[in-house]
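Hello,

Here is the structure I promised to pass on. Have a look at it, and then read on for some notes.

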Amino acid sequence: MSAASGRALRFTLNGKRRSLRVSPHRTLLEVLREDLKLTGTKHGCELGECGACTVLLDGKPVYSCLTVASRAEGRSVTTIEGVSEKHPLVESFADAGAVQCGYCTPGMILSAKAHLEKKGHRCDGRGDCAKEALSGNLCRCTGYYRILEAVGLAARKMKRRSRDSKI
Amino acid sequence: MTRRYKYIGRSLRKIDALAKATGRAKYTDDLSLPGMLHGRLLRSPHAYAEIIAIDISRASKLAGVRAIITGDDLPARYGIIPSSQDESALAIGRVRYVGEPVAAVAADDEETAARALELIDVSYRLLTPCLGIEEAAQEPPGPDGRLHKAIAYEFGEKPGSAPALERTDLFFYEGNTHLALEEHAALAVWKDGKLTLRCSSQTPFHLRQIVAKIFAMPEEKVRVIVPSLGGGFGGKLDPFSHDICAAELARRTGRPVKFALAREEVFYCHRGRHPSLMRIRSAWAKDGRILDLDFEACLDGGAYGSFGIVCTYYHGALQPTTYRLPHYGFRAARFSTNKPPCGPKRGHGIPQPRCALEVHIDKAAEQLGINPVDLRLKNLTTPDSITVNMLRIGSNGLRECVEKVAKASDFRRRYGRLPHGRGLGFALGSYLSGAGVPIYWNEGPHSRIRIEATAGGVLTLYSGATDIGQGSDTVVVTVAAEVLGISPQRIRLVAADTELTPLDLGSYSSRVTYMAGNAAKQAAENLKAEVSRLAGPRLSFEAALRIALEKTKTLEAWGSYTPPKKFGTFKGSGVGVSPAYSFSACVASVRCDCETGFVRVEKIHFAHDIGRALNRACVLGQIEGGIHMGLGEALCEEQVFHSSGLHRKPSLLDYKVPGLFEMPELDIHLVESNDPGGPFGAKEVGQGPLIPIIPAVANAIYDAVGVRIDSTPFTPEKVLEALDAKARGGSGRLGPDRFPEVLFPEPIRVRQDA
């Protein structure tokens with residue numbers, strides 16, 4: 001915990017430049033939850049098995065429990081706190097009944113966000129591409145179908161929004 | 001006539017969905033307090049050993065260590081049910097499973113606490129562990145014996161007619177665990193003689209009672225608060241070592257103490273599905289009527305009692321809710337073994353016997369030459385009937401459930417006629433909408449709800465029920481909103497806080513929608529009546545509320561739910577009693593690869609008698625989640641151990657659960673039988689849907705490749721072994737072939753006219 005004796009870490013967190021000192025062995029998960037008190041990122045195993053700790057590093061999903069914090073140096077990190085309540089994925093998860101206990105939800109939404117930003121125009125939530133994108137995130141409550149439905153719903157909303165913004 | 005509801009039956013957003021989806025919702029481990037210490041538990045590396053000495057002197061000297069406690073510091077015995085007070089927070093004298101807590105440390109940070117554990121010296125004298133039912137049953141009876149509980153019953157009268165078919169089958173159901181995604185956590189604050197415990201508990205009111213007893217203090221000096229809870233499935237019902245050690249360490253240090261378990265530790269907390277070895281005998285008339293059923297079970301309980309006695313009774317309780325049985329014998333024994341304690345996992349003690357029974361009936365159907373669906377239809381229970389074991393069934397949509405899945409899967413035409421490697425399997429199930437008799441016997445309500453209206457028309461609903469993800473918060477608010485005719489968003493909720501909310505027994509036995517839902521309905525009706533008494537009847541609720549509040553400033557209304565009295569009067573007649581039963585029917589469609597033994601479940605047709613769906617999306621979510629967990633139990637999940645007693649798979653990677661790609665196509669039908677006692681007619685859905693999945697898959701495997709895997713899970717290794725055996729001329733059955741000699745007590749005889 002002796003963060004003061006650690007190395008400087010500078011990165012962009014949810015769009016804002018951050019700078020803090022962290023011990024070299026600290027994981028990104030520990031730094032986010034314990035040093036920065038951003039507890040929206042969850043832990044379910046701390047061994048890279050469940051995906052609850054998923055955050056985006058330069059837009060790509062990573063398990064923050066397996067990511068040494070120093071890997072974020074100079075890069076951009078998105079946590080669930082950086083996703084607006086109005087984001088189509090957040091709304092769709094609520095509308096589709098995709099949130100039960102909610103513990104996997106932040107990680108699920110971030111994996112889905114990375115996926116839709118890359119392949120949003122081709123995804124309807126039903127095909128294998130959505131399943132592949134979410135296959136690193138475990139959910140024990142839903143049986144996954146509500147989650148896939150939410151991703152499909154969000155994809156449609158995002159397509160509509162991007163079409164409207166072009167007009 | 002169908003009534004039109006404004007909110008009931010719609011797929012409304014859950015009231016906590018946005019808070020959870022944005023990460024704002026706080027789970028126990030998301031909380032931290034100034035000056036907070038971090039706790040860790042030292043766990044036994046041995047399955048069975050005497051503790052000779054514990055030396056904490058090296059650990060105590062480590063900088064940053066604030067307190068260390070061992071078994072002697074917390075001598076009180078406790079357990080979740082009154083008849084099993086056999087646990088202690090830290091082992092005293094002996095350890096009984098690998099992972100049992102032996103000492104607890106509070107330190108400035110987690111790393112220091114972990115280092116301190118390494119410096120605690122424990123010397124053990126190893127004893128020979130007992131790890132299975134066969135071994136346990138061979139040990140001599142007596143106070144040091146392994147037999148924890150044995151029960152025997154005989155219900156009804158043997159019919160005089162000679163049976164056309166009699167058969168006996170054995171089945172083994174392997175243990176498995178809940179695997180809620182949130183790891184257990186507890187945060188204790190002890191200030192001015194009062195303990196506040198925030199923790200991941202499904203039963204805050206039971207926990208308050210137990211913790212108060214352990215610390216010999218009045219219950220009002222203990223406040224249990226459940227923050228957001230990341231899944232329970234029964235795994236967070238018991239009081240746990242980390243809850244009690246957090247409290248004791250907070251008391252000693254005067255500082256807040258938090259425990260957040262690692263995933264491996266959650267496997268040691270367990271309280272999951274009991275491994276169960278079962279023997280069924282049945283007798284049938286030529287036309288397919290069941291004449292007699294005899295059911296025996298040996299349960300592997302693990303090291304402590306937990307809910308085990310209840311689970312033992314449940315093993316025999318619900319077979320008669322689906323089938324009319326003229327005569328029914330039931331005997332069960334639970335044994336103590338040196339493994340993490342088993343307890344209540346989704347379905348409690350029902351999935352094992354239901355699986356054995358549904359597979360057994362499938363075999364009988366083949367011998368009788370009757371289609372498995374039609375054989376069930378000849379024996380189904382009816383609405384408003386009394387079972388042979390004195391359970392009162394009210395609404396019953398089982399027949400409709402059976403017909404729906406049979407039709408949707410075209411079962412009668414396709415069963416037995418699909419190409420080799422593909423098969424259909426049928427099974428049904430039933431569950432309680434809440435236990436009719438509480439764990440701690442008393443005549444009081446099982447749920448109470450208070451609604452308060454204060455200045456400005458602020459409405460606050462106080463519910464003691466715990467939302468474990470199933471949506472109970474949404475249910476109580478929606479029910480109240482429907483009665484009041486206002487938007488659910490108008491109602492603020494305070495839940496699961498023993499100081500602020502009225503008593504609720506907790507989130508288990510699928511009781512919350514029925515019981516807390518009824519209490520919410522009554523509270524809202526009482527509020528509405530009071531408001532119209534004060535303001536006159538013809539106004540809208542909002543307008544009337546304004547006028548009423550001008551007169552009184554604050555208003556409150558209470559609602560409660562007490563289940564009907566049980567029907568049976570014999571000893572043990574309290575288990576299985578429920579104000580309403582859910583019913584499900586399932587057809588599984590599988591493909592078996594004969595080269596690899598791999599079973600792929602391609603489609604599940606499922607019908608569930610829900611009474612009434614209060615929130616359609618939530619109900620479907622519960623069914624889909626139940627199917628998912630059932631498939632895990634059927635295909636891959638098992639809590640198994642090395643011969644030393646070491647857990648083989650205490651991680652998410654090794655303990656396989658079905659992922660996204662393993663989920664089959666689902667075809668779900670809701671049957672709304674409109675239960676006369678349920679809130680707006682609703683019954684349970686949290687646990688029932690898991691139950692028929694496992695036997696439906698077993699029966700489908702037989703239809704696909706002609707082998708009987710009479711032992712869960714149905715892994716590729718087992719399927720291949722059975723296929724090989726069959727190819728060599730064997731029966732193609734893989735499963736147990738012996739049932740231990742058990743000295744059951746004389747049966748309690750119960751007849752309907754008694």
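**The nonpolar core**

The largest nonpolar core has 298 residues, and those that touch the most other members are Phe93(A), Ala188(B), Ala246(B), Ala480(B), Cys586(B), Val697(B) and Ile701(B). Such a core is a set of buried Ala, Val, Leu, Ile, Met, Phe, Trp, Tyr and Cys residues joined through C-beta atoms within 7 Å (buried: 20 or more other C-beta atoms within 10 Å of the residue's own, with C-beta atoms placed from the backbone).

Please note that this is a predicted model, where local features need pLDDT of at least 70, side-chain atom pairs count only at pLDDT 80 or more, and totals for chains, interfaces and linings use all residues. Residues are numbered from 1 along each chain as its sequence is written, while chains are lettered from A and ligands numbered from 1 in the order in which they are written.

Leaving aside residues up to four places away in sequence, Ala188(B) touches Leu195(B), Leu197(B), Ala246(B), Ala247(B), Ala250(B), Pro256(B) and Val257(B) (contact: C-beta atoms, placed from the backbone, within 7 Å).

**Where the chains meet**

Chain A gives 40 residues to the contact and chain B gives 47 residues. On the side of chain B that touches chain A, helix 1 (17-21) and helix 17 (616-635) of chain B each supply at least two residues (helices are DSSP runs of H or I, at least four residues, numbered from the N terminus). The largest share of that side, 8 residues, comes from helix 17 of chain B.

**Two helices of chain A**

In helix 2 of chain A, Leu89(A), Val90(A) and Phe93(A) meet Thr105(A), Ile109(A), Ala112(A) and Lys113(A) of helix 3 of chain A.

Best wishes

Terms used
A residue is buried if 20 or more other C-beta atoms lie within 10 Å of its own, exposed if 12 or fewer, and partly exposed in between; C-beta atoms are placed from the backbone.
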